[in-house]
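This briefing concerns the salt bridges and the nonpolar cores of a predicted model. Please examine the sequence and the structure shown here before reading the points that follow.

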Amino acid sequence: MTLEELESAAKECIACRLSEKRRNVAFGDGNPNSPLVLVGEGPGDQEDQQGKPFVGKAGQLLNKALADAGLSREIVYITNTVKCRAADWSTGKPVNRPPTDDETLTCRQWLVPQLALIKPQVILCIGSPSAKNLIKKDFKITVDRGRYFPCEFARTAIATLHPAYILRQQSPTNDGGYSLLVADLMKAWEAAQKLASKPPRPQAVPAALIE
Ligand code: URA
């Protein structure tokens, strides 16, 4: 299956209740041949409207951080933990909410093959829900941000602050962690470039297979 075929199938997904209210599936954007994949949390209003990840306010800050790191959306590949908008509709008006564990688990049926087809050298998890999904359940962004971790879906994974969090923290005297986001993007890209030029070490053959 190609990435395009996977995306077409994802657009028809009705595996969880997020499909009931979505306008569009925001599957992914950017360069699918990139050694670096960014994985956020999930689409918001703008992403749901345009069918693309990170195109609202948080996306604009991410674009600025990418540019400040010497990168762009066209150089990396960007996607999310869940591909449809999670919102609370109880008041009639949608209010964004984090995806539930169930929704995250269900949406792995798209994220896992997506990453398997792209085969990135490095995954940069944007925010803690993504890091909990792809690195480890007890990931703590305050402790573990900016560190390399083993990852099933890439040669290594790192996590950084979510631009939506940075926007909430920013004040005239505080960049809200923006400089950390830029530094982590640079670090992840440098690692991705380095790893892309080094073939993976052949896996040791288990003794049981030799005998
Ligand atoms: N926040 C995310 O995590 N992803 C998006 O696509 C937009 C906002």
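The side chains of Lys 11 and Glu 7 form a salt bridge, with a distance of 3.4 Å from N to O. Lys 11 counts as partly exposed because its relative accessibility, 42%, lies between the limits of 20% and 50%. Glu 7 is also partly exposed, at 25% relative accessibility. In total, the count comes to eleven salt bridges in this predicted model.

**Salt bridge between Arg 73 and Asp 29**

- A salt bridge joins the side chains of Arg 73 and Asp 29, at 2.9 Å from N to O.
- This pair links distant parts of the chain, since its two residues are 44 residues apart.
- Arg 73 lies in the loop between helix H4 (57-68) and strand S3 (77-80), whereas Asp 29 belongs to strand S1 (residues 29-30).
- Arg 73 has a relative accessible area of 11%, which is under 20%, and therefore counts as buried.
- Asp 29 is likewise buried, with a relative accessible area of 18%.

- The side chains of Arg 85 and Asp 45 meet in a salt bridge of 3.6 Å, N to O.
- Here too the pair links distant parts of the chain: Arg 85 is in the loop between S3 and strand S4 (87-88), and Asp 45 is in helix H3 (residues 45-50), 40 residues apart.
- Arg 85 is buried at 11% relative accessibility, while Asp 45 is partly exposed, with a relative accessible area of 32%.
- Both residues take part in a network of salt bridges that links Arg 23, Asp 45, Asp 48 and Arg 85.

**Nonpolar cores**

- In soluble globular proteins, nonpolar side chains tend to be buried together.
- The largest nonpolar core of this model has 30 residues, of which Phe 27, Leu 115, Ile 123, Cys 125, Leu 134 and Ile 135 touch the most other members.
- Several elements each supply at least two residues of this core, among them helix H1 (3-10), strand S2 (36-40), strand S6 (122-126) and helix H6 (128-134).
- Helix H5 gives the most to this core, with five residues.
- Another core, of 27 residues, lies apart from the largest one and includes Leu 62, Leu 71, Val 76 and Ile 166.
- Leaving aside neighbours within four places in sequence, Ile 123 is in contact with residues including Val 37, Val 39, Leu 115, Leu 134, Cys 151 and Phe 153.

Methods:
Residues are numbered from 1 along each chain as its sequence is written. This is a predicted model: local features need pLDDT of at least 70, side-chain atom pairs count only at pLDDT 80 or more; totals for chains, interfaces and linings use all residues. Side-chain values use heavy atoms; hydrogens and water are left out. A nonpolar core is a set of buried Ala, Val, Leu, Ile, Met, Phe, Trp, Tyr and Cys residues joined through side-chain atoms within 4.5 Å. Buried means under 20% relative accessible area, exposed over 50%, partly exposed in between (1.4 Å probe, protein chains only). Helices (H or I, at least four residues) and strands (E, at least two) are DSSP runs, numbered from the N terminus. Contact means heavy atoms within 4.5 Å. A salt bridge is a side-chain nitrogen of Lys or Arg within 4 Å of a carboxyl oxygen of Asp or Glu.
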